[in-house]
Amino acid sequence: MTELRALVGDITQLATDAIVNASNESLLGGGGVDGAIHRAAGPELLAFCRTLHGCATGAAKVSPGFRLAAKHVIHTVGPVWTGGHNGEPELLASCYRRSLELAADLGLRSIAFPCISTGVYRFPADAAAIIAVRTVRQFVTTATSLREVVFCCFSEQALGYYQRELAPLGDDTRSERSE
Ligand code: ADP
């Protein structure tokens, strides 16, 4: 069994086996959560990322965590929201799936995700939370090393979107029951 849970916090402080970075295709640092992770991990992270030669949108690459409590950083590149008709939902799902695949390949037991694409890349946070939870749920239906998946929100509002989707009695269940 894999536990899925959401919290509000600074992802750089989490001691999961891996934290996921919402990076950009260069992997050479940026603002938002990317900047925070690079500051907390130290300059060794940028030096390592130079050896990765970038990352396509929807893909993921791994680095050590350096000065972070997390042992690994999984760098993924979310889509820029341009209205939703340019493959953004599929690309966002791919970020979650590919990150989980890397974590499982490494035999990791825990991983924390930020709300990928919902900052500068403007993906609507409510829709992004639904994609995040459903993609992770789908992935963990197959047995892997992963025991815990954390959704690290940066606001109470984002947390609310995750709690709604993670609730044991979601809207689907309730409507089934009332029939
Ligand atoms: P993107 O370019 O993928 O949109 P951003 O870094 O701009 O990436 O934002 C992604 C999400 O990360 C946003 O919801 C933002 O509020 C959140 N965020 C920013 N800093 C942190 C942090 N230290 N820990 C967790 N989440 C963070």
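In this structure, Ile37, His38 and Ala41 of α1 meet Glu44, Leu45, Leu46 and Cys49 of α2, where contact means heavy atoms within 4.5 Å. Helices are DSSP runs of H or I with at least four residues and strands are runs of E with at least two, numbered from the N terminus. The model is a predicted one, in which local features need pLDDT of at least 70 and side-chain atom pairs count only at pLDDT 80 or more, while totals for chains, interfaces and linings use all residues. Residues are numbered from 1 along each chain as its sequence is written, and side-chain values use heavy atoms, with hydrogens and water left out.

The axes of α1 and α2 (residues 43-50) come within 5 Å and cross at roughly 115°; axes are lines fitted to C-alpha atoms, for helices over the stretch in contact, and angles run from 0 to 180 degrees between N-to-C directions. The two helices are therefore roughly perpendicular to each other, a label for angles of 65 to 115 degrees, with under 35 counted as roughly parallel, over 145 as roughly antiparallel and the rest as oblique.

Now look at Leu27, in the loop between β2 (18-23) and α1 (32-41). Leu27 is buried, with a relative accessible area of 0%; buried means under 20% (1.4 Å probe, protein chains only). Leaving aside neighbours within four places in sequence, Leu27 is in contact with residues including His38, Cys49, Cys55 and Val77.

Next come α4 (residues 125-139) and α5 (residues 156-166), which pack at an angle of about 40° with their axes 9 Å apart. These helices are therefore oblique to each other. Their contact includes Ala129, Ala132 and Val133 of α4 and Tyr162 of α5.

What does Tyr162 touch, not counting residues up to four places away in sequence? Its partners are Ala6, Tyr96, Cys115, Ala129, Ala132, Val133, Phe151 and Cys153.

Tyr162 also leads us to the largest nonpolar core, which has 36 residues. A nonpolar core is a set of buried Ala, Val, Leu, Ile, Met, Phe, Trp, Tyr and Cys residues joined through side-chain atoms within 4.5 Å. Tyr96, Ile111, Phe113, Val136, Phe151 and Tyr162 touch the most other members. Elements that each supply at least two residues of this core include β1 (3-8), α3 (88-105) and β6 (148-153), and the largest share, 7 residues, comes from α4. Apart from this core lies another, of 18 residues, among them Cys49, Cys55, Leu68 and Val73.

Conventions. Buried means under 20% relative accessible area, exposed over 50%, partly exposed in between (1.4 Å probe, protein chains only).
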